[in-house]
Amino acid sequence: MRRAGPHHRLALIGAIRQVTGVETTTDGIPVHGMLDPDIIRLMLAAAGAHIDNDGDMSRIMDAAQDIYDATVPDDLRDKVCPGVVQLLDGLRENCVLALVTGNLTRIGWRKLQRAGVDRYFRFGAFGEMASTRGGLARLAIERARREGPIGRIALVGDAPQDVRAAQENGIRSIAVRTGVTPAGELEACGPDCIYDDLTEFDLSII
């Protein structure tokens, strides 16, 4: 998806304020490709604060998801990147499709729902489930293998972290230049394939 407005960022800010009373911002924090818990920690650190215990982090994450649910627009279909729906239609008959995202669980699913593409994904691995994106990819791979025999596995993403997550798990990395990663950085990570957008995607590589 394209950047879906300020609602996710504002949910994190509001949740930190609600739980800790600290005013924070995402300004200056490279949020693209990061996990939400790491973003929260960096926001607090930039404000000169920190989380004292796991309970505080859990409360912040719960509050952020509640706030996002209450404020996200009903329709995000205009934020879907070119080629996404056609690609998902082409893949869903013969592939197990899973979402791997740094978003918290309810935020990630709600974005997909409001974008009209949640029905394509059988399950997901979300920001609070592992400490790295590679760990999230590993969870998704393990879940897919439990569901039955699978063939080649690929991870499609628009951030360097996505490429590295695929490489850490020994699966194909497919990079797409639809995010905010500066030109050249995706190529420098050495993905197996790279596209300007998903209208170029070759289904035969899966």
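Predicted model: local features only at pLDDT ≥ 70, side-chain atom pairs only at ≥ 80, totals over all residues.
1. In strand 5, C193 is the bridge partner of I174. Strand 4, residues 172–176, runs alongside strand 5 in the parallel sense, and three bridges hold the pairing.

2. Taken together, the three strands form an open sheet with the order 3-4-5 and parallel pairing. Strand 3 (154–157) and strand 5 (193–195) are the edge strands; each has a single partner strand, so one side of each has no neighbour in the sheet. From one strand to the next, the twist averages 15°.

3. Which residues of strand 3 lie on its covered face, and which on its uncovered one? L155 and G157 make up the covered face, while A154 and V156 make up the uncovered one.

4. The segment after strand 5 contains D197. The side chain of D197 makes a polar contact of 2.3 Å with the side chain of T199. Once neighbours within four places in sequence are set aside, D197 is in contact with P82, V176 and T178. One of these, V176, falls in strand 4, which covers residues 172–176.

5. Turning to the helices, helix 5 spans residues 105–115. Its buried residues are T105, I107, G108, K111, L112, R114 and A115. What do these buried residues pack against? Their partners are helix 1 (7–20), helix 2 (36–46), helix 3 (54–71) and strand 1 (98–100). Just after helix 5 comes G116, with a positive phi of about 80°.

6. T105 belongs to helix 5. Is T105 buried or exposed? Its relative accessibility is 18%, and the cut-off for buried is under 20%, so T105 counts as buried. Apart from neighbours within four places in sequence, T105 is in contact with Q65, F126, E128 and M129.

7. Helix 3 and helix 5 pack with their axes 8 Å apart, at an angle of about 20°. Angles under 35 degrees count as roughly parallel, and the two helices are therefore roughly parallel to each other. From helix 3, the contact is made by D62, A64, Q65, D66, Y68 and D69. From helix 5, it is made by T105, R106, I107, R110 and K111. Sorted by type, the residues of this contact are three nonpolar, two polar and six charged.

8. Helix 2 meets helix 3 in another arrangement: the axes come within 11 Å and cross at roughly 110°. That makes helix 2 roughly perpendicular to helix 3. Helix 2 contributes P37, I40, R41 and L44 to the contact, and helix 3 contributes M57, I60 and M61. By type, these residues divide into six nonpolar, no polar and one charged.

9. R77 sits in the loop between helix 3 and helix 4 (84–91). With a relative accessible area of 58%, R77 is exposed; the cut-off for that label is over 50%. The side chain of R77 makes a polar contact of 2.6 Å with the side chain of D75. Which residues does R77 contact when neighbours within four places in sequence are left aside? They are R114, A115 and G116. Of these, R114 and A115 are among the buried residues of helix 5, and G116 comes just after that helix.

10. Two C-alpha separations are worth checking in the viewer. R77 and E128 are 51 residues apart in sequence, and their C-alpha atoms are 26 Å apart in space. L10 and T25 are 15 residues apart along the chain, with 8.6 Å between their C-alpha atoms.

11. L10 is in helix 1. What label does a relative accessibility of 43% give L10? L10 counts as partly exposed, because that label covers the range between the cut-offs of 20% for buried and 50% for exposed.

Technical notes
Residues numbered from 1 in each chain as written. Heavy atoms only, no water. Buried < 20%, exposed > 50% of the residue type's maximum accessible area, 1.4 Å probe, protein only. Helix = DSSP H or I, 4+ residues; strand = E, 2+ residues; numbered from the N terminus. Contact = heavy atoms within 4.5 Å. Pairing = 2+ DSSP bridges. Axes fitted to C-alpha atoms, helices over the stretch in contact; angles between N-to-C directions. Polar contact = N/O pair within 3.5 Å; in protein donor to acceptor, adjacent residues only side chain to side chain. Parallel < 35°, antiparallel > 145°, perpendicular 65-115°, else oblique. Nonpolar A, V, L, I, M, F, W, Y, C, P; charged D, E, K, R; others polar.
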